[in-house]
Amino acid sequence: MKKYLMIYKESMRVSIASAATYRANFILHSIITLLGNIVFPLVTLLIYGSGASFEGWSMYEVLLIQSIFTMSTGLSNMFFGGMVWNTMEHVREGTFETVLIKPVDCMFYLLATNFGIHSFGVVAGGMVVFIISLVHVGNATIVMWLQFLLLFLMGLFVMLGMELLMAATSFKWVANSRIPEMYGSVRQFGNYPQTIFNKSIIYLTSFILPVGMIGFFPASALLGRLEWWMLVSIFPCILFLMLGIWVYRYMVRLYEGVGG
Amino acid sequence: MTNEFYKTNRKERAVENIISVEHLCKKYTTYKRESGFKASVKSFFHREKVYVDAVKDVTFQVKRGDIIGILGPNGAGKSTTIKMLTGTLYPTEGVINVMGFSPYKDRISYVRNMGAVFGQKSQLIFDIPPLDSFRMNKAIYGIPDKEYEETLHTLIEILELEDKVMRPTRVLSLGERMKCEFIMAMLHNPPIVYLDEPTIGLDVIAKQNIREFIKQMNERGTTFILTTHDLEDVQQLAKDVIIINKGEKVFDGSIADLRRNLGNKKVVELTVDSYSEKGIVYGNKNIEIRGTTVISELSHQKTTLEVDTDVISISEFMNELSSQYAFTDISIKELSMETIITKIYKETGNKE
């Protein structure tokens, strides 16, 4: 475990060093992703400014959901966002051997070396909106905070599981650039209060591909609007992560030619 | 080097086998596909499986402290063999034992004890100085600070890279980068290092530097397994050679054995005086000296002959040559490595 922490530390250093090497690129990238991600409060402000609303939700409640979604996806991009691309590159270029000759678990190694400082701006931006919204929606109790943290973590689990599953497909298909786009679209369901969708979408985004966990559920916890079935979603989240890890490991073994 | 391993003299550790490979086989499954639009459409729905024997029943041993050259034409199964030896590929059949490890079964504990340099696959992180990549390996292999500093210092000194390791990898020359790849592979003092075409694309001086380095490290006790297309690498470095063609081992022995394998032959290059009364060599394919064949004619005046010294001694050959022909220049050489290897590839490639 200590070894993996050391590797992570080095990876963070490398990522920061790389960012520092291409300063202009880093700054531009940060600004652009930040801009891309702060459009959401603008749209929400616009909707509520023109008198419309998401039924049953105040503007700051919606902003809270969306800021949590932004932080969560930002963290996901930072810690495991490069997994799909990196695995695909290694498989296509035939350089996966250089990973396999290292005395580490290759899934963890790739995760660690994928750490990208670029999404830091997004997380920070989300945090600002989060704090502003929180000030307006009132105080949350300690229990609510604990629930929030648990569900927030589950949201990260779903995203890690999904990243691993997508990355795993590259071992077999080599090129699969469209799947992450589809996933990105489906993920957007977590960005809105679920009550505005119809039953089947609620069902899908809670239990099948629990993207509700990425923004909406943890926000509900903080707003005191948590319902029991949201907690049930914890199971598919954990399942997703376990499935992701299992499939990824399985594909690595297949790549090594077990029984192939 | 602090590692005890390097302190012991090579002779004391004499003839212990570090690698033992028995009946190694690797079968691949691919899909048959013909060209053309119709075949493409068909293959979208149904693909016929084809089994390819990449490596067929290969057996060999490597002794500790050796440098072994693995040769073979493209697609012969060299890389597949190296992949199985480095634990990144499962064999279909057969047993590999490297220092008591089964590479594919105990991958993580095994790779800690080996290093690998792939001439065409960089392990350095492109955007940052090599020194940072080295630190990454320090974390991966869990090398203690003191040992890391000492090993790094020694390697940098031998490779003369003092001021280079601080510069971003992308601005380094190919030769400098390759030297850094060697540091990456050897920071953790592995007793065995695999080199897959380590001198590919390098200039003469850079190649020579790399070879010197390999020799030095070998004298300190590291065993090297080397695949290459550069026969100069093999001639200068390897003590023993294994030749693989079409997945099968076709030769295993010393370089001297390899030369003897094709009989004792000399190559004679002649420059003839075409105005001589004694006649001329060129155009005369059936040169009338025992054990002698014309192998090429570069121009009207230049001819290359191959002389089998088991049939005729060089002095006899010279006597007969000068009595029959006039020539202005002559050179007698050993059969080149290239000729030997080409012959072996051709002979073993046409067997089927």
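What pattern does chain A follow, read along the sequence? The answer is α-α-α-α-α-α-α-α-α-α-α-α-α, with 13 helices and zero strands in chain A. Here helices (H or I, at least four residues) and strands (E, at least two) are DSSP runs, numbered from the N terminus. The radius of gyration of chain A is 19 Å, close to the 18 Å that the globule rule gives for 260 residues, so chain A is as compact as a globular protein of that length. That radius is taken over C-alpha atoms, and the globule rule is 2.2 Å times the number of residues to the power 0.38. Along its principal axes, the C-alpha trace of chain A spans about 60 × 40 × 35 Å.

A word on the ground rules: this is a predicted model, in which local features need pLDDT of at least 70, side-chain atom pairs count only at pLDDT 80 or more, and totals for chains, interfaces and linings use all residues. Residues are numbered from 1 along each chain as its sequence is written, while chains are lettered from A and ligands numbered from 1 in the order in which they are written.

In chain A, buried residues make up 45% of the 260 residues. A residue is buried if 20 or more other C-beta atoms lie within 10 Å of its own, exposed if 12 or fewer, and partly exposed in between, with C-beta atoms placed from the backbone. Take Glu89(A), found in helix 4 (residues 83-93) of chain A: Glu89(A) has 13 other C-beta atoms within 10 Å, so it is partly exposed. From C-alpha to C-alpha, Glu89(A) and Ile65(A) are 35 Å apart in space, though 24 residues apart in sequence. As for contacts (C-beta atoms, placed from the backbone, within 7 Å), 81% of those in chain A between residues at least 6 apart in sequence join residues at least 24 apart.

Among contacts in chain B between residues at least 6 apart in sequence, 71% join residues at least 24 apart.

One open sheet of chain B holds three strands in the order 2-1-4, with antiparallel pairing; strands pair if DSSP finds at least two bridges between them. Its edge strands, strand 2 (48-63) and strand 4 (93-98) of chain B, each pair on one side only. Strand 1 (residues 17-32) of chain B is joined to strand 2 of chain B by twelve bridges, and the two run antiparallel. Within this pairing, Lys27(B) stands opposite Asp53(B) in strand 2 of chain B. Helix 3 of chain B packs on the sheet, touching strand 1, strand 2 and strand 4 of chain B, and its direction makes about 65 degrees with that of strand 2 of chain B. For such angles, axes are lines fitted to C-alpha atoms, for helices over the stretch in contact, and angles run from 0 to 180 degrees between N-to-C directions. Helix 3 (residues 78-85) of chain B is mostly covered, with eight of its eight residues buried. Just after helix 3 of chain B comes Gly87(B), with a positive phi of about 80 degrees.

Another open sheet of chain B has four antiparallel strands in the order 11-12-10-13. Strand 11 (292-297) and strand 13 (327-334) of chain B stand at the edges, each with a single partner strand, so one side of each is left without a neighbour in the sheet. Seven bridges pair strand 10 (residues 265-272) of chain B with strand 13 of chain B in the antiparallel sense. In strand 13 of chain B, Ile332(B) is the bridge partner of Val268(B), and Asp329(B) is that of Thr271(B). Of the eight residues of strand 13 of chain B, the number buried is zero, so this strand lies largely in the open.

Finally, where do the chains meet? The contact takes 25 residues from chain B and 20 residues from chain A. On the side of chain B that touches chain A, helix 5 of chain B gives the most, with six residues. The residues on that side divide into 14 nonpolar, five polar and six charged.

Conventions
Two residues are in contact if their C-beta atoms, placed from the backbone, lie within 7 Å. Ala, Val, Leu, Ile, Met, Phe, Trp, Tyr, Cys and Pro count as nonpolar, Asp, Glu, Lys and Arg as charged, and the others, Gly among them, as polar.
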